[in-house]
Amino acid sequence: MVRQSNYQKIYDVVRQIPRGKVATYGQVAQLAGLGGHARMVGYALHNLPENSGIPWQRVINAKGQISFPPDSAHWNLQRALLEAEGIRFDEDDKISLACYRWEV
DNA sequence: CTCGTGACGGTAT
DNA sequence: TATACCGCCACGA
């Protein structure tokens, strides 16, 4: 067996997120077999370089919002990327729950 | 080897 | 219904 690192598994799951959809850290963690350890997902993505080809922008927190602090460069970047993919943001910067539903 | 922090989630108050 | 706190694993110093 491959005994792939959990990080690799996370990246694989994130890569499966279709364009125009998003997933929560908990969802990714569960699909990656990590159970409910969403923090690890965040850590993995934090270690992720921008040119790795991973759609990290499609991963958000359970509140349906971007986990970055507002006014942050990363926050604006992620929001711009999601909007460019057709993701609609609520007035509270929340994403429609329908976008969480994605299947491979 | 030990301590503290972190792109979070769930439960309790 | 909203806010606060704790717990989990991994990694850096």
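1. Basis of the values. This is a predicted model, in which local features need pLDDT of at least 70 and side-chain atom pairs count only at pLDDT 80 or more, while totals for chains, interfaces and linings use all residues; side-chain values use heavy atoms, with hydrogens and water left out. Residues are numbered from 1 along each chain as its sequence is written, and chains are lettered from A and ligands numbered from 1 in the order in which they are written.

2. Surroundings of DNA strand C. The residues around DNA strand C are Tyr7, His37, Arg39, Met40 and Tyr43, where a residue is near a strand if one of its heavy atoms lies within 4 Å of it. Of the atoms of DNA strand C that come within 4 Å of the protein, 67% are sugar and phosphate. By class, this surface has three nonpolar residues, one polar and one charged. In this classification Ala, Val, Leu, Ile, Met, Phe, Trp, Tyr, Cys and Pro count as nonpolar, Asp, Glu, Lys and Arg as charged, and the others, Gly among them, as polar.

3. Which element gives the most to the surface near DNA strand C? Helix H3 (residues 38-46) does, with three residues. Helices (H or I, at least four residues) and strands (E, at least two) are DSSP runs, numbered from the N terminus. There is also a polar contact to a base: a polar side-chain atom of arginine 39 lies 3.3 Å from a base nitrogen of DNA strand C. A polar contact is a pair of N or O atoms within 3.5 Å; within protein, one must be able to donate a hydrogen and the other to accept it, and residues adjacent in sequence count only if both atoms are side-chain atoms.

4. Surroundings of DNA strand B. There are 14 residues around DNA strand B, and Gly42, His46, Trp56, Ala62 and Phe68 come nearest. Sugar or phosphate holds 37% of the atoms of DNA strand B within 4 Å of the protein, and the rest belong to bases. H3 provides the largest share of this surface, six residues; helix H2 (25-31) and H3 each supply at least two. The division by class is seven nonpolar, six polar and one charged.

5. Backbone contacts to DNA strand B. At glycine 26, a backbone N or O atom lies 3.4 Å from a phosphate oxygen of DNA strand B.

6. Packing of H1 and H3. Helix H1 (residues 6-15) packs with H3 at an angle of about 85 degrees, and their axes are 10 Å apart. H1 is therefore roughly perpendicular to H3, a label for angles of 65 to 115 degrees. The contact (heavy atoms within 4.5 Å) involves Asn6, Tyr7, Ile10, Tyr11 and Val14 of H1 and Met40, Val41, Tyr43, Ala44 and Leu45 of H3. These residues divide into nine nonpolar, one polar and no charged.

7. Glutamine 8. This residue lies in helix H1 and counts as partly exposed at 36% relative accessibility. Buried means under 20% relative accessible area, exposed over 50%, and partly exposed in between (1.4 Å probe, protein chains only). Glutamine 8 and alanine 44 are 36 residues apart in sequence, with their C-alpha atoms 8.7 Å apart in space.

8. Threonine 24 and asparagine 61. Threonine 24 belongs to strand E1 (residues 23-24) and is buried, with a relative accessible area of 12%. Not counting residues up to four places away in sequence, threonine 24 touches Val59, Ile60, Asn61 and Ala62. Asparagine 61 is placed in the loop between strand E2 (59-60) and helix H4 (73-84) and is buried at 15% relative accessibility. Leaving aside neighbours within four places in sequence, asparagine 61 is in contact with Thr24, Tyr25, Ile66 and Ser67.

9. Positive phi values. Aspartate 71 is not a glycine, yet has a positive phi of about 75 degrees. Aspartate 71 sits in the loop between E2 and H4 and is exposed, with a relative accessible area of 75%. Aspartate 93, also other than glycine, has a positive phi near 65 degrees. Aspartate 93 is found in the segment after H4 and is partly exposed at 25% relative accessibility.

Notes:
Axes fitted to C-alpha atoms, helices over the stretch in contact; angles between N-to-C directions. Parallel < 35°, antiparallel > 145°, perpendicular 65-115°, else oblique.
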